[in-house]
Amino acid sequence: MMNAENRRTAMLLIPISLVLIGYVLYPSIETIIESFKSQDAFSFKNYEDFFGSKASANLEALWNSVWISILSVFFSALIGVPLAFIFNRYDFPGRKFFSSVAIMPIVLPSLVGVMAFMFLYGEAGLVPNAIKDLFNLSEVPFSIGGVSGILIVHAYTMYPYFYMTTSSALRNLDPSLEEAAFNLGSNRFKVFWKVTFPLLTPGLVAASLLVFMVSMASFSAPFLLAGGFRVLSLQIYFSKINGDLEMAATQSVILSVVSILFLLFMRWFQERKDYRMASKGIGAHRSEVNNPILKWTMVTIGILSMIILLLPHATLLILSLVPEGAWTWQTYPTAFSLENFKLLFEDPNIWDPVRNSLVMSFIACIGVFVFGIITSYTLVKRKFVGKNLLDILVMIPWALPATVVGMNLILAFNEKSIFSFGSILVGAYWILPLAYFIRFLPLVVRSTNAVLEQMDDSLEEAAKNLGAKWFYTFRRVVIPFILPGVLSGTLLAFVQAVGEFPTSVLLYTLDNRPISIEIMNQLRMFNIGQAAAYGMIQVALISIVIFISDKFLGIKAERSL
Amino acid sequence: MSSVQLTNITKKFKDVTAVEDLNLTINEGEFFTFLGPSGCGKTTTLRMIAGFYYPTAGTITFNDRDMTKVPPEKRNTGMVFQNYALFPHMSVFENVAFGLKVRKLNKSDIKRKVMDVLEKVRLEQYYDRQVSQLSGGQQQRVALARALVIEPDILLLDEPLSNLDARLRDQMRTEILRLQRDFGITTIYVTHDQVEALTMSDRIAVFNMGKCQQVGTPLDIYNNPVNDFVAQFIGETNLFPVEPEITDEQIKVYKLKDSNFKIHAKHKKSEISDDKHSGLYMSIRPEAVRLKNEKMEGNNVVEGVIEIVQFTGASVHFFVRVDKSITVRITRLNKGPHTYFNEGDKVFVQLPEEHIRIVPKAGE
């Protein structure tokens with residue numbers, strides 16, 4: 001039976017399926033096919049090579065990726081969870097300020113963050129050298145690089161996942177539960193292990209898996225810091241650069257399998273364990289710290305961690321003020337000026353990447369905005385067979401490491417195809433906006449899903465009951481309701497697209513080279529100041545977006561509920 | 001204004017039958033209530049009338065127009081949802097004006113009509129508020145105004161009072177009734193609250209397990225329930241399983257199951273189609289039972305002990321145990337402390353023949 005509702009669902013599903021099949025499924029399949037090709041014939045040779053003794057580098061890279069990721073989870077949790085406890089459970093001077101600083105790492109795009117760390121703690125970094133000079137040492141006392149560098153950068157950039165999930169879990173935890181446990185005679189220790197911790201586990205596990213996935217996919221940190229150390233995401237890039245597309249495809253498939261397994265495990269776990277609190281109107285529950293020694297210890301810890309957290313941002317700012325040639329062989333920069341920022345607006349060669357990034361991200365974001373709304377609406381509000389399949393299809397680009405998304409596009413569009421309207425996209429301008437679109441589509445769909453799930457079906461029904469046709473209802477009721485959520489998701493996608501490095505480095509051409517590529521080029525030319533100035537632009541953009549989402553969209557979203 | 005006719009309506013959700021073979025006629029201008037416990041099919045029926053579900057079988061007609069497959073936006077019904085479904089991003093005025101804008105009325109007409117209806121629901125001074133700034137009762141009235149302003153043929157109310165507190169509920173009951181009488185609009189009201197149903201309706205349809213058990217006026221339903229479900233669901237009652245003993249034309253005697261009490265009952269033949277029904281119950285309302293501390297004349301008198309006394313203000317409830325398995329519930333108006341019995345008192349209970357109804361077990 002094909003009634004009006006089903007027809008409408010079908011009309012929505014056709015464009016969604018076309019786009020998802022064309023730009024998500026088809027490229028993935030092309031990669032899988034490529035991985036089974038050897039001299040244009042079907043074979044398992046690539047996989048034999050991967051796991052065989054012939055190229056032990058691959059297996060080593062996979063193993064390195066895994067243990068680096070496990071350690072990243074461990075260190076991120078070690079920083080994030082205690083910080084969340086201190087800032088949410090105790091009240092002391094400056095608590096609010098410190099807790100807002102604690103999420104500052106998220107305003108640093110990965111490449112920029114890694115760069116800041118290199119110049120802070122690297123061999124020629126400011127901190128080791130400052131200590132060396134201060135204490136008249138003959139050598140720098142420590143420096144990061146290789147594995148330690150990757151781990152420190154990972155812990156710094158990924159602990160906010162733990163911090164945020166633990167904080168929100170703690171805020172949602174009904175204090176009466178702990179009070180009930182105390183009332184029944186448990187001591188502090190027991191209450192923590194028997195009540196608080198079990199209620200935090202779903203969030204912690206979710207954060208662990210997320211950090212694991214993100215660090216498996218991590219590209220910028222190993223790219224700049226690894227040296228001879230091999231990780232899988234980087235191996236894909238090297239295989240591609242060396243022209244071995246078949247091996248790059250095979251490595252992509254293996255990395256994808258690991259990531260998707262983790263995604264599935266995460267979904268399964270989240271569905272299995274869902275302690276949603278029944279009680280409403282939970283008040284924050286903080287104990288004031290009265291012991292003066294403890295209080296000032298906490299304030300000191302707060303200030304120290306704030307300094308450590310903000311040092312990369314400060315470094316970036318300082319570096320961006322170093323004009324070209326003012327810091328080459330010297331220990332410290334020798335001059336400061338605004339020249340790098342001036343050049344941005346004066347030298348078209350330097351401005352071009354900024355413009356490219358903004359334009360391409362803008363195009364991609366219009367795409368994710370429109371397509372994200374339609375997809376999310378269809379997923380949440382429409383009934384049809386195969387919904388789970390569509391849901392998985394939309395989330396694949398989220399589970400896939402960025403490097404793999406880039407490889408998929410290369411393998412799918414290095415020849416003519418109907419989805420590229422008969423042209424070769426690799427080497428063309430449009431492939432980067434397309435890559436950004438695919439990369440950040442899940443982000444917008446997820447944030448839109450969240451608001452749409454809040455919207456009761458009766459709202460649409462009420463509009464229909466009052467005589468409104470479907471499109472009128474969609475335009476006047478659904479869109480205004482979800483707009484704040486969709487916009488904040490899209491803005492986030494925009495800034496991430498501006499900072500995107502892994503797909504950019506695989507797909508850019510001279511005409512569309514984005515900021516991140518130019519940062520890399522400037523670093524290669526030891527023009528650190530200009531690279532940092534680019535970084536500052538990205539940081540500023542992200543800060544503005546977070547501010548807008550928080551102040552305007554956040555408030556608006558609250559009011560509409 | 002329209003009458004509504006449901007003919008042989010069945011609605012299935014996959015394997016679950018929500019409504020089965022329903023036949024109902026709702027007259028023009030009538031206040032008609034669907035009453036039943038949750039999951040009985042009353043809301044499903046309402047949503048079929050609104051057009052949000054299409055029946056699996058059967059037809060729906062408004063006046064004589066077949067509406068079975070007409071989409072909801074073309075039915076001209078005004079619905080008030082349980083959660084009100086007010087558009088959170090619009091003001092009170094914009095909410096009420098929504099249906100008129102859809103109908104492409106010009107601005108001045110919209111303004112006039114909206115302000116008129118807001119005055120009717122006594123919210124005219126709140127027209128520029130955001131709906132989230134209103135109290136529950138006010139939101140309820142906005143929802144009513146929004147449904148009424150489009151001059152619907154039928155007003156549909158889906159448990160509109162269930163989210164309000166008791167006092168406000170009383171107030172809104174009168175308010176809805178007043179508006180319904182003012183507009184003279186055919187109204188279908190869905191509720192699980194028997195007090196609402198009894199006080200507001202012209203007629204009530206009692207639903208259970210997807211089937212309509214009885215249709216009738218509130219008086220009818222309360223005094224002459226057709227089966228044990230209706231007797232039990234509407235009002236309080238004493239319900240005991242019985243077996244027929246003597247079934248004479250005039251006098252009938254039944255035996256309470258699992259005991260030796262004989263029950264004499266008077267009733268017209270038509271009330272039960274068949275005495276050899278699978279199961280029979282006797283039902284008597286607590287306020288009809290007589291209670292004294294000395295033996296009474298007549299049939300159906302038994303001795304018992306007061307087990308529980310509940311004081312509710314206007315009335316007093318007594319639970320009298322007359323047998324191991326039988327407790328009779330009795331309600332008396334509060335006529336002063338000297339009329340009260342105490343727990344443990346020995347008393348006599350009479351179940352007057354003329355108030356006893358013998359009803360069959362509700363069909364499966």
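I count two strands as paired if DSSP finds at least two bridges between them. The model I am working from is predicted.

**Entry 1: a hairpin in chain B**

I began with strands E9 and E10 of chain B. Strand E9(B) covers residues 203–208 and strand E10(B) covers residues 211–216. They pair in the antiparallel sense, over 5 bridges. I looked up one bridge: Ile204(B) has Gly216(B) in E10(B) as its partner. The hairpin leaves 2 residues between the strands. Met209(B) in this hairpin takes a positive phi near 50°.

**Entry 2: the open sheet of chain B**

Next I traced a sheet of 4 strands in chain B. It is open, and its order is E2-E1-E4-E5 with antiparallel pairing. Which strands stand at the edges? I find E2 (16–26) and E5 (65–66) of chain B there. Each has a single partner strand, so one side of each is left without a neighbour in the sheet.

I then took the pair E1(B) and E2(B). Strand E1 of chain B spans residues 4–13 and pairs with E2(B) in the antiparallel sense over 7 bridges. In one of the bridges I checked, Lys12(B) has Thr17(B) of E2(B) as its partner.

Helix H1 of chain B, residues 42–50, lies across E1, E2 and E4 (57–62) of chain B. I noted its direction as about 115° to E1(B).

The contact takes 14 residues from domain 1 of chain B and 8 residues from domain 2 of chain B.

The area buried between domain 1 and domain 2 of chain B is about 950 Å². Carbon and sulfur atoms give 69% of that area. Which residues of domain 1 of chain B lose the most area to domain 2 of chain B? They are Gln194(B), Val206(B) and Tyr222(B), together 48% of what that side buries.

**Entry 3: two domains in chain A**

I repeated the look-up for chain A. Domain 1 of chain A is assigned in two segments, 1–36 + 337–561, and domain 2 of chain A is 44–320. The C-alpha centres of the two domains of chain A lie 25 Å apart. From domain 1 of chain A, 42 residues take part in the contact, and from domain 2 of chain A, 40 residues.

The two domains of chain A bury about 3,500 Å² between them, with 79% of it on carbon and sulfur atoms. Ser35(A), Trp398(A) and Phe501(A) supply 14% of the area that domain 1 of chain A buries against domain 2 of chain A, more than any other three residues. The count of salt bridges between domain 1 and domain 2 of chain A is 0.

**Entry 4: Leu25 of chain A**

I picked out one residue in chain A. Leu25(A) is found in helix H1(A), residues 4–35. Is Leu25(A) buried or partly exposed? Leu25(A) is partly exposed, at a relative accessible area of 31%. Leaving aside residues up to four places away in sequence, Leu25(A) touches Leu20(A) and Leu393(A). I also checked Pro397(A), 372 residues from Leu25(A) along the chain: their C-alpha atoms are separated by 9.7 Å.

**Entry 5: where chain B meets chain A**

Last came the interface. The contact takes 25 residues from chain B and 21 residues from chain A. The two chains bury about 2,100 Å² between them, 64% of it on carbon and sulfur atoms. On the side of chain B, Glu73(B), His89(B) and Phe98(B) supply 27% of the area buried against chain A, more than any other three residues.

How many salt bridges does the rule find across the interface of chain B and chain A? I get 1. Glu461(A) forms a salt bridge with Arg47(B), and their closest N and O atoms are 2.4 Å apart.

I followed Glu461(A) back into its helix. Helix H19 of chain A runs over residues 457–465. Of its 9 residues, 8 are buried, so helix H19(A) is largely enclosed by the rest of the structure. Glu461(A) is among the buried ones, as are Ser458(A) and Leu459(A). Just after H19(A), Gly467(A) takes a positive phi of about 105°.

Terms used: Residues numbered from 1 in each chain as written. Chains lettered and ligands numbered in written order. Predicted model: local features only at pLDDT ≥ 70, side-chain atom pairs only at ≥ 80, totals over all residues. Heavy atoms only, no water. Contact = heavy atoms within 4.5 Å. Axes fitted to C-alpha atoms, helices over the stretch in contact; angles between N-to-C directions. Buried < 20%, exposed > 50% of the residue type's maximum accessible area, 1.4 Å probe, protein only. Domains from an automatic or database assignment. Buried area = accessible area lost by both parts, 1.4 Å probe. Salt bridge = Lys/Arg side-chain N within 4 Å of Asp/Glu carboxyl O.
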